[in-house]
Amino acid sequence: MNFELNQSQKAIVNAAREFATKEFDSELAYELEKKHEFPMEIYKKAAKLGFVAPYVDEAYGGDGLGILENAMIVEEFCKADSSIGLAIDLASLPCKFLYRFGNHDQNERYLSKITSGEFGAAIALTEPDHGSDITQMDTVAIKNNGSYRLSGNKTFITNGTIADFYTVLCQTDPDASPKYKGMSILIVDRDMIGKRFQVNELGEKMGIRLTSSAELVFDDLEVPEENLLGKPGRGFYQAMGFFEESKIEIAAQAVGVAQGAFDLAYQYAKERKQFDKPIACFQSMQHKFVDMYLKIENARHLVHKAAFKFDQGQRDHRAAAMAKYYAANIANEVTYDALQVFGGYGYFQEYKVERYYRDARILSIYEGTAEIQKNIIGTSLFPGL
Ligand SMILES: Cc1cc2nc3c(=O)[nH]c(=O)nc-3n(C[C@H](O)[C@H](O)[C@H](O)COP(=O)(O)OP(=O)(O)OC[C@H]3O[C@@H](n4cnc5c(N)ncnc54)[C@H](O)[C@@H]3O)c2cc1C
């Protein structure tokens with residue numbers, strides 16, 4: 001067992017840190033927040049330097065890195081700025097569907113354009129009546145003369161308004177029993193937006209405001225058969241396979257957000273004086289930092305372990321769920337405590353920590369809520385019950 005990063009991992013972390021420190025700017029993040037605008041320029045620059053979906057094969061413009069190295073990059077980005085880091089990472093997350101289940105043509109068409117920064121993408125699983133439970137879908141796609149006719153609504157879709165393609169989970173065999181055996185994933189292209197496919201922004205939200213959150217409405221949209229991902233009837237299993245991996249990435253986001261808030265508070269505590277001393281001198285303040293430090297360190301270990309196992313080809317649902325549950329949970333706790341260190345100043349935008357606090361909240365909701373992760377961990381502890 002070796003807890004040290006190797007030389008190549010150290011170089012990746014340093015390069016990601018250098019890039020994020022130079023390019024991510026808090027004032028810009030607040031400006032983009034107001035306009036609900038995606039940090040497109042930074043996304044493209046990050047892609048040029050190989051930081052976007054670096055786990056994709058070299059054949060499609062990636063670097064063939066492991067999930068572990070990707071987690072390190074994601075942590076650095078979300079640490080440098082929670083809003084910019086999260087937005088950039090979320091735009092490439094759907095890649096995982098393509099590179100695991102897509103064919104060569106699809107990978108050339110979509111993956112290569114994500115790694116080059118030309119494309120951003122969106123995942124469309126959630127429906128108004130199906131959130132935590134995606135074992136059945138109201139969105140239906142019926143095959144007819146070499147294409148599918150897609151109808152239904154998706155909601156909360158991140159980057160919905162800017163995505164160049166959407167991976168849409170739908171029922172292609174409505175008579176299947178159980179229902180999840182009749183689901184498939186269709187890739188819907190941005191240029192299909194029109195009368196039969198509409199994308200509507202959902203409006204103001206608490207955090208991750210550099211991403212849009214949209215409703216997708218399909219009304220008998222024709223989707224060519226070649227846009228089917230893998231085989232028909234595999235959609236639910238593909239979604240579960242996707243989660244195994246994406247949860248680890250979300251957990252890495254959480255470690256980054258927590259570490260970023262910690263760093264801001266740490267600096268402030270050494271500078272801010274009350275009762276003629278830096279507030280860092282007060283033992284109760286130090287205890288707060290100890291708690292935060294321990295939580296972040298534990299979360300990082302869980303993320304690295306889950307990512308390491310994944311890269312070794314070991315599929316461990318419990319390890320991924322533990323990393324996602326714990327890291328998201330502590331990101332909420334750490335950002336809360338970090339803001340507390342700032343007292344009243346933390347409540348204002350100037351000190352930036354309030355944005356980390358707002359951005360952290362989603363981490364326990366998307367990609368499977370905290371409760372669902374606990375269900376997975378609990379079930380794995382009592383198999384067969
Ligand atoms: C900002 C944002 C971005 C998102 N981005 C995307 C995206 O890009 N693509 C996408 O497809 N979806 C996305 N989602 C949707 C997200 O994944 C869902 O909101 C989430 O899975 C929960 O579904 P729900 O909101 O319908 O809540 P529900 O499933 O209705 O759950 C409500 C509450 O009940 C609890 N609960 C439900 N079932 C159980 C159970 N069996 N045991 C214990 N507790 C349970 C939940 O944990 C939760 O606390 C996004 C959501 C948000 C808010």
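Student: How do helix α10 and helix α12 pack, and how far apart are their axes?

Tutor: In this predicted model, α10 (residues 317-341) and α12 (residues 370-381) pack at an angle of about 145°, and their axes lie 9 Å apart. Helices here are DSSP runs (H or I, at least four residues) and strands are runs of E of at least two, numbered from the N terminus, while axes are lines fitted to C-alpha atoms, for helices over the stretch in contact, with angles from 0 to 180 degrees between N-to-C directions.

Student: Which residues meet there?

Tutor: On the α10 side they include H317, R318 and Y325, which with others meet α12 residues, among them A370, I377 and L381, where contact means heavy atoms within 4.5 Å.

Student: New topic: is strand β5 buried or exposed?

Tutor: Seven of the seven residues of β5 (residues 183-189) are buried, so the strand is largely enclosed by the rest of the structure; buried means under 20% relative accessible area, exposed over 50% and partly exposed in between, with a 1.4 Å probe and protein chains only.

Student: What covers its faces, then?

Tutor: The residues M183, I185, I187 and D189 on one side, and S184, L186 and V188 on the other, are all buried, and both faces are covered.

Student: And where is S213?

Tutor: S213 lies in strand β7 (residues 213-224), and S213 is buried, with a relative accessible area of 10%.

Student: How are residues numbered, and what limits apply?

Tutor: Residues are numbered from 1 along each chain as its sequence is written. Local features need pLDDT of at least 70 and side-chain atom pairs count only at pLDDT 80 or more, whereas totals for chains, interfaces and linings use all residues, and side-chain values use heavy atoms, leaving out hydrogens and water.
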